[in-house]
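Subject: Structure for your review

Hello,

Please find the structure below, with the sequence alongside. My notes on it come after.

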Amino acid sequence: MTEPLHVHFEDLEIGQVIPLGACAVDAEALNVFAERFAPGWDVAYGAPDALVYALWSRLSVEKAGGWAGAKTLAVDGLRFMRNPPAGELLRGRLTVMGKDPVGDEKGIVIAQQDLLDEAGRLVFSCLTRALVARR
């Protein structure tokens, strides 16, 4: 588990890249996930899209969990580029694309979030909008 950031709206800068941490595609978890949630999926093809989303979501929530008053409002533009095999180490990153203050107490942060494989290739990408408290 990664240490969450303790940030407010003003602490984030457009263009800033924040590492989300890393996680591996666990072979046992892949088998159980495919059996229960992706019947008919052949794990030889790698992790199904839904498991890739779950891995990204875990990294994102762990990192933003300590953000002041953070609440995810939207996850859009999901792109699934690859189905990583069991054992593949995935690294997450968040890039701040825009910010919009909403009154004196909070602001909206627009970010692109990506999962990359060990070779640095894009596995998954999405756009998020989150409400973050102001100082």
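Predicted model: local features only at pLDDT ≥ 70, side-chain atom pairs only at ≥ 80, totals over all residues.

Residues are numbered from 1 along each chain as its sequence is written, and side-chain values use heavy atoms, with hydrogens and water left out.

Strands

Helices (H or I, at least four residues) and strands (E, at least two) are DSSP runs, numbered from the N terminus. Two strands count as paired if DSSP finds at least two bridges between them. Strand β1 (residues 17-24) runs antiparallel to strand β3 (residues 89-102), and 7 bridges join the two. In this pairing Ile-18 is opposite Leu-94 of β3. β3 also pairs with strand β4 (residues 106-116), again in the antiparallel sense, over 11 bridges. Here Val-102 faces Lys-106 of β4 as its opposite residue. The hairpin of β3 and β4 has 3 residues between the strands, and Gly-103 takes a positive phi near 75 degrees in this hairpin.

Core

A nonpolar core is taken as a set of buried Ala, Val, Leu, Ile, Met, Phe, Trp, Tyr and Cys residues joined through side-chain atoms within 4.5 Å. Buried means under 20% relative accessible area, exposed means over 50%, and partly exposed is in between (1.4 Å probe, protein chains only). The largest nonpolar core holds 26 residues, and Leu-12, Trp-67, Leu-94, Leu-115 and Phe-124 have the most contacts inside it. Two or more residues of this core come from each of β1, α1 (27-37), α2 (49-64), β3, β4 and β5 (122-133). α2 provides the largest share, 5 residues. As background, nonpolar side chains tend to be buried together in soluble globular proteins.

Contact means heavy atoms within 4.5 Å. Leaving out residues up to four places away in sequence, Leu-115 touches Val-52, Trp-56, Leu-59, Leu-90, Arg-91, Gly-92, Arg-121, Leu-122, Val-123 and Phe-124.

Pocket

A pocket is an open set of points on a 1 Å grid over the protein atoms alone, where a 1.4 Å probe fits, with protein on both sides within 12 Å along at least five of seven lines; its lining residues have an atom within 4 Å of a point. Grid points are joined across faces, edges and corners, and a volume is the space filled by probe spheres set on the points. The largest pocket has about 270 Å³ of space. Its lining has 18 residues, with Ser-60, Ala-64, Thr-72, Gln-113 and Ala-130 nearest the centre. Two or more lining residues come from each of α2, β2 (71-80), β4 and β5. The largest share of the lining, 6 residues, is from α2. By type, the lining divides into 11 nonpolar, 6 polar and 1 charged; Ala, Val, Leu, Ile, Met, Phe, Trp, Tyr, Cys and Pro count as nonpolar, Asp, Glu, Lys and Arg as charged, and the others, Gly among them, as polar.

Single residues

Thr-95 lies in strand β3 and counts as buried because its relative accessibility is 16%. With residues up to four places away in sequence not counted, Thr-95 touches Gly-15, Gln-16, Val-17, Ile-110, Ala-111 and Gln-112.

Arg-91 is also found in strand β3, and is partly exposed at a relative accessible area of 48%. Gly-120, in the loop between β4 and β5, is partly exposed, with a relative accessible area of 48%. Gly-120 is 29 residues from Arg-91 in sequence and 8.6 Å from it in space, C-alpha to C-alpha.

Phe-37 belongs to helix α1 and is exposed, with a relative accessible area of 60%.

Regards
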